[in-house]
Amino acid sequence: WEKTKSRVRSQVQIAAQDLVKLYAERQAKEGYAYGKDTVWQKEFEELFPYEETEDQLAAIEDTKKDMESTKIMDRLVCGDVGYGKTEVALRAAFKAVQESRQVVYLVPTTILAQQVYNTFIQRMKEFPVRVDLLCRFRTAAQQKKTIADLKKGQVDIVVGTHRVLSKDVEYKNLGLLIIDEEQRFGVVHKEKIKQLKKDIDVLTLTATPIPRT
């Protein structure tokens with residue numbers, strides 16, 4: 001038991017050191033600054049079939065301000081299920097795509113990946129935005145095509161499980177990483193997420209406000 005405790009303690013220490021180093025690197029760098037909202041952005045947002053809540057509007061506004069500044073974004077949006085966190089992510093993703101920046105939407109389960117993918121397809125169907133899904137629900141041939149097209153920059157948004165973190169997945173111009181329920185990913189996946197996070201904007205969505213998030 002003591003052995004386990006000391007091993008965990010040393011692992012926690014290493015993880016903490018890595019995080020401090022990563023955040024120091026991110027703060028020292030300049031991020032990509034997006035332009036103000038376009039006509040398309042306004043049209044896209046008007047297609048939202050519900051009335052936005054005040055909290056939702058504030059989260060959207062804050063996220064856009066982060067994207068428009070040279071500071072690399074690290075924003076956590078916390079809210080219960082059904083509070084419209086996905087819409088905040090949709091608007092940020094749409095803003096990124098308009099400036100030819102690719103978006104990764106990372107989720108912990110295959111079922112959730114399919115649900116988010118369906119939402120994105122539905123919301124973006126009026127616009128020339130290509131959204132792909134990368135998870136076990138896709139055949140090997142479909143996955144291969146998505147990976148090849150991501151590398152060429154032909155896929156704008158990819159929704160997926162930890163499959164999007166695999167070594168064979170490369171991005172032409174990655175601009176935004178959206179993480180749904182980060183605390184549900186294991187240590188290995190978190191290490192890979194950190195590698196992706198060096199200098200890109202990150203938006204984390206969660207329904208569970210716990211200290212480690």
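This is a predicted model: local features need pLDDT of at least 70, side-chain atom pairs count only at pLDDT 80 or more; totals for chains, interfaces and linings use all residues.
Visitor: How are α4 and α5 oriented to each other, and at what angle do they pack?

Guide: Helices here are DSSP runs of H or I with at least four residues, strands are runs of E with at least two, and both are numbered from the N terminus. Axes are lines fitted to C-alpha atoms, for helices over the stretch in contact, and angles run from 0 to 180 degrees between N-to-C directions. In this model α4 and α5 pack at an angle of about 55 degrees with their axes 11 Å apart, and the two helices are therefore oblique to each other. Contact (heavy atoms within 4.5 Å) is made by Thr86, Glu87, Leu90, Ala93 and Phe94 of α4 with Thr119, Phe120, Arg123 and Met124 of α5. By class, this contact of α4 with α5 has five nonpolar, two polar and two charged residues, where Ala, Val, Leu, Ile, Met, Phe, Trp, Tyr, Cys and Pro count as nonpolar, Asp, Glu, Lys and Arg as charged, and the others, Gly among them, as polar.

Visitor: At what angle do the axes of α3 and α4 cross, and which residues of these helices meet?

Guide: The axes of α3 and α4 come within 9 Å and cross at roughly 25 degrees, and these helices are therefore roughly parallel to each other. On the α3 side, Gln56, Ala59, Ile60, Thr63, Lys64, Met67 and Glu68 meet Glu87, Val88, Arg91, Ala92, Lys95 and Ala96 of α4. By class, the contact of α3 with α4 has six nonpolar, two polar and five charged residues.

Visitor: Is Thr63 buried or exposed, and which residues does Thr63 touch?

Guide: Buried means under 20% relative accessible area, exposed over 50%, and partly exposed in between, with a 1.4 Å probe and protein chains only. Thr63, found in helix α3, counts as buried at 1% relative accessibility. Leaving aside residues up to four places away in sequence, Thr63 touches Met73, Arg75, Val88, Ala92 and Leu203.

Visitor: Which residues of α2 are buried, and against which helices do the buried residues of α2 pack?

Guide: In α2, which spans residues 39-46, Gln41, Phe44 and Glu45 are buried. Seen down the axis of α2, these buried residues fall within an arc of 95 degrees, so they line one face of the helix; the arc is that of the directions from the helix axis to the C-beta atoms. They pack against α3 (54-68), α4 (85-97) and α5 (110-124), whereas the face turned away from the buried side carries the exposed residues Val39 and Glu46.

Visitor: Where does Ser100 lie, and what is the phi of Ser100?

Guide: Ser100 lies in the loop between α4 and β2 and has a positive phi of about 60 degrees although it is not a glycine. At 55% relative accessibility, Ser100 counts as exposed.

Visitor: Which strand holds Leu106, and how far is its C-alpha atom from that of Ile178?

Guide: Leu106 is found in strand β2 (residues 102-106) and is buried, with a relative accessible area of 0%. The C-alpha atoms of Leu106 and Ile178 are separated by 6.0 Å, although the two residues are 72 apart along the chain.

How values were computed
Residues are numbered from 1 along each chain as its sequence is written. Side-chain values use heavy atoms; hydrogens and water are left out. Angles under 35 degrees count as roughly parallel, over 145 as roughly antiparallel, 65 to 115 as roughly perpendicular and the rest as oblique.
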